Each structure stands twice: as C-alpha cells, then as structure tokens.
Amino acid sequence: MSAATRAEVCAVAVADAFRGDGEILASSFGTVPAIGARLAKLTFAPDLLMTDGIATLLANVPPVSGDAGGEAVAEGWLPFRSVFDLVWSGRRHVVMVASQLDRFGNHNFACIGPHAKPRAQLLGMRGAPGNTVNHPTSYWVPSHSRKVFVQAVDVVSGVGFDRARALGRGGRFHEIRRVVSNLGVFDFATPDRRMRLASVHPGVRVDDVVRETGFELALSGEVPETRTPTPEELRLVRERIDPERLRDREVPG
Amino acid sequence: MDKRTTAAEVVAELRDGMTLGIGGWGSRRKPMALVREILRSPLRDLTIVSYGGPDVGLLCAAGKLSKLVYGFVSLDSIPLEPHFRAAREAGRIEAVELDEGMLQWGLYAAACRLPFLPTRAGLGSDVMAINPWLRSVRSPYEDGEELVAMPALELDAALVHMNRADARGNAQYLGPDLYFDDLFCMAAKRRFVSCEKIVPTEDFPKGGSLHTLRIHRSMVDGVIETPGGAHFTECPPDYPRDEGFQREYAAAAKDPESWAAFQLRYLSGDESDYQRAVRERRPAAGGRG
C-alpha cells in the first residue's frame, strides 16, 4: 500500500481526538473530520454515536460519499431538538471548521469584519457558543494560514480558554481537545492554555508552521511528527470510508 | 370549527412592524407559499424569527425584513444564503444573532409564558457583546452559577408548513424532524399552518403513527392547503428539495438584473402562476431538475 497522503494523516489526527470519548455523539463538519470520526468508530472508539447528518442515529458506518440510505442501520432517532439536549448534557464532541482562531482557541465562523456590517457574512453563530461551553470541541483547518491563525478573531463564536477561565464555574465544561490543520496538530497543554504546536505532519517543518501562524505558538522542546496511519487504518480510509477520495479535494495531495 | 383559510386572508391579517416566526430549518419544510404571499403584499418592516433559509433570503431581497432573530441562515446544500448575505454586508438589516439553542429557549420561554429561561449557551462568546441587551442571571441556589437569561421570543404570528392537516387545525409531519414548529406555534398570538393536503381527521393514521401528530388544533388558528407550498425547500416524503431551482435562485443573487429576471419569471404572479412556472422550468443541462 502506498504511503499515507497528507489528507490521510489529517484524518487520523482527527480520529485520535475522539480517543477515550466512550458513548457520546461524535459530530463532525468537513470531509476530513467526517472520515476521522468514522475511522475512530471503526477502530479504537466503537462506542461513539453518529448520525446520518439528518435525524437518524446510525449503528453502522457508511462511507462519506454518496447516498447511504440503502445500507444505513438506524439505532435511534435524533431530531435537532434531541441534538440540543445532548449538547447541553455534555455527551457530545464536535469538530467544527474554523475561519479564524486565536492563541487561546477563540473561534470565529460567523463573519469577517465588524459584526454590524461585515465584509463577509459567513455561517453565523450557529451552535458554536453553546457547544464550546458544554462539551469537548476540536477544530479543523483545511488550509493553514495567517488569515486563519490570527492575533484576534473578528467575532468570538466558539469560546477560547481565556474567556472560559473568566467565566469561573460557568466555564467548567469547556474543553478544546485539539486543532488539526493541514500542517500539524495543536493542543493547549501549556500553563496558561495557549496554543501549542503538538506535532508537525510528515514533510512539514516547524518553521513552515510558525511562518503561517499569525501569533506566537508555544513550542516545548523537539516537536514530534504526527503519527502516520497504520496499514489497517489506511485500508479502512481508502476502501471503506472514502473510496471516492473526497479527502483529496479538501487537502490536495 | 372549520379553520380553512387562504394565504391571502392570512397575510391580510398581518401588519407592518410585526414579529413573525417562520418554522422549518434551513432549506427544509419552509412555509414558502405563505412567504411568497407576503412578497406580493405591501407589508414592510417585519421582524423575522427563523432557523433561516430561503424564507429569510426572499424577504431580505424584497426589502420586507428590517430585523432578523436567528442563529444561522443557510440553504443546506449551498451553505451560505446569498440574499441574506448581501443584506448583511450592505448593513440593511438589524441582526440579532444568537446561538441556535438560545433561539429554541426563547421560543420555549414564550410558549411557557416565562420572561426568560436560563442557559449556559452564549456565555463567554460575542453573542453577549453583539446583543448588549441580553442579561445574565445568578442561580439562587448554593451553586450561584451565572447563566444567560434568554428572554422569551414572543411572536405576533407563526407560519409553519406541514405535510397533512385537517380542517380543524390538527397537523401532521411525515418527515424525519419536526424542527421547532410546535414551539413557533406555541410562542405566537396567531398561528397559521399551510400543508400539502387537507385530509379527513380519520385519515391521519394512513400517513404516519400517532407520534407524527405533534401540532394539534389548540395550537392553530388557520389552515391553508398549498400543494407544493414548501417548494423549493424539501418536504419529505412528499418531495425532496428542488436543487436545480435552488441553484437558479442562489445564482440570481449575483446582480440586480439577474434578480429582476428571476422575479419576473417566478414571483410576478400568484401562487398558481409560480407553480406553473416551476413545472414549465426546463431542467438545467446535465443537472437533475
């Protein structure tokens, strides 16, 4: 089997974010996160719950492409109201796409520019404010740049560690598990919960990441390489989860 | 009581400056025939509360909407609603942007006749900064936790679209999700349900189980039969989203000339003219519908 592509390394890095999560709802946005969540469920996190993106909890793991209708095995009903209930109960881990992130993990996908009259209206707040103070959140950035990793986000949709700390008791369920970009993996395992470069993907140098990041990343010692997929993980991604290679469109080889 | 009425009669009840709640979610089971009737009316200066889709986009494009209470506005298969986007980027509408769960809580508070409901959603985010009128509340119990006091979202009228209804205002959804349509009805002074088909009450079990009868007649003031009334949003199992039409709608936002042509073709007549224009629409080359 040929060596892992960058997209495949990213998918495994997302999958690892769900390690140890147990029987909770894994929600993912974007192709690579959808692959990562499925991969986790098929390997080391079999208890994860997942939906078809509409209102059905699926017992099985259909591929990310195409209409899964024919092969879906329903194990439950999860309309939006029940999703909100799960958010507030904390039994969920979401991977959201970030348009902007700052050093404490404050997140924006609502709009670019001032909120009263934005230069670009994006998704809006959606569920990010509630998600981030209720259950674990991870972020996916398919194209790492200083436009995404910024000194200050234009609008805070997802709450970062500095703001969560300021909430006191209200922030006790806040956790940003990790950030995965096409260049590396980032966590907040620092004394003041600043973003740290946890690993660089194979073929990426630390300097590349620093140059493409608009704030000072915490670096602790020698930065390791992101782990590469096992042969079994590669087989699952290539043959079962994403046979149509949608991942290559999100992260070109 | 026979609550059957028409879209025109419903819209004649509405007034400038009213707060309207619109059911559905994104580009899913939206009461589009009622929205189109608003477009034909002289109504203006509306406040809309919605899990937004093309209902919001059309009202923005027509200049009917001055204030929007929302968590997102999306066409689902097209993530960003272009007409809403244009209105926001021009600064033409007042944007009360909330976490989508806060929206549910506001409707539920209104439904329960409570001034507010506490929630953790919104804390720490800029929802609080961009809506400086939002207040927090401290738990009166030992924990003393500070929470957002999401105020009731009281509606002058609610508009929702269901698959089936009877003449008395009982209504049935047959798709996978009710969304928050029951809460929209319960939060409103006047409640209007459009539907694909009005059926005899005893026919409800032919469509679906007892669990699909979530909107009953004490929650409804008027029932309007509008076949295709959710078009071009999806209304399963009656019909899927008309993706080709939605693409045409979204593309028409790119300049005033395209939008004028779209309006002339689809929105210049009554609902039967609209439905005829949709039927006569030639499928885009290479695309489905």
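How many residues of chain A are in contact with how many residues of chain B?

Tutor: This is a predicted model, in which local features need pLDDT of at least 70 and side-chain atom pairs count only at pLDDT 80 or more, while totals for chains, interfaces and linings use all residues. Residues are numbered from 1 along each chain as its sequence is written, and chains are lettered from A and ligands numbered from 1 in the order in which they are written.

On chain A, 36 residues are in contact with 35 residues of chain B (contact: C-beta atoms, placed from the backbone, within 7 Å of each other). Two or more residues each come to this side of chain A from helix H3 (80–89), strand S8 (120–121), helix H4 (128–134) and helix H5 (161–166); helices (H or I, at least four residues) and strands (E, at least two) are DSSP runs numbered from the N terminus. By type, the side of chain A that touches chain B has 20 nonpolar, 10 polar and six charged residues. Here Ala, Val, Leu, Ile, Met, Phe, Trp, Tyr, Cys and Pro count as nonpolar, Asp, Glu, Lys and Arg as charged, and the others, Gly among them, as polar.

One residue to look at is Pro118(A), in the loop between strand S7 (111–112) and S8 of chain A. Apart from neighbours within four places in sequence, Pro118(A) is in contact with Cys111(A), Ile112(A) and Gly113(A), and with Arg88(B) and Glu89(B) of the other chain. Pro118(A) is partly exposed, because 19 other C-beta atoms lie within 10 Å (20 or more would be buried, 12 or fewer exposed, and partly exposed is in between, with C-beta atoms placed from the backbone).

The C-alpha atom of Pro118(A) is 28 Å from that of Pro33(A), 85 residues away along the chain.

Now the chains as a whole. Chain A holds eight helices and 12 strands. Its radius of gyration is 18 Å, close to the 18 Å of the globule rule for 253 residues, so chain A is as compact as a globular protein of that length (the radius is taken over C-alpha atoms, and the rule is 2.2 Å times the number of residues to the power 0.38). Of its 253 residues, 51% are buried.

Chain B has 11 helices and 11 strands. The radius of gyration of chain B is 19 Å, close to the 19 Å that the rule gives for 289 residues, so chain B is as compact as a globular protein of that length. In chain B, 50% of the 289 residues count as buried.

Note on methods:
Contact = placed C-beta atoms within 7 Å.
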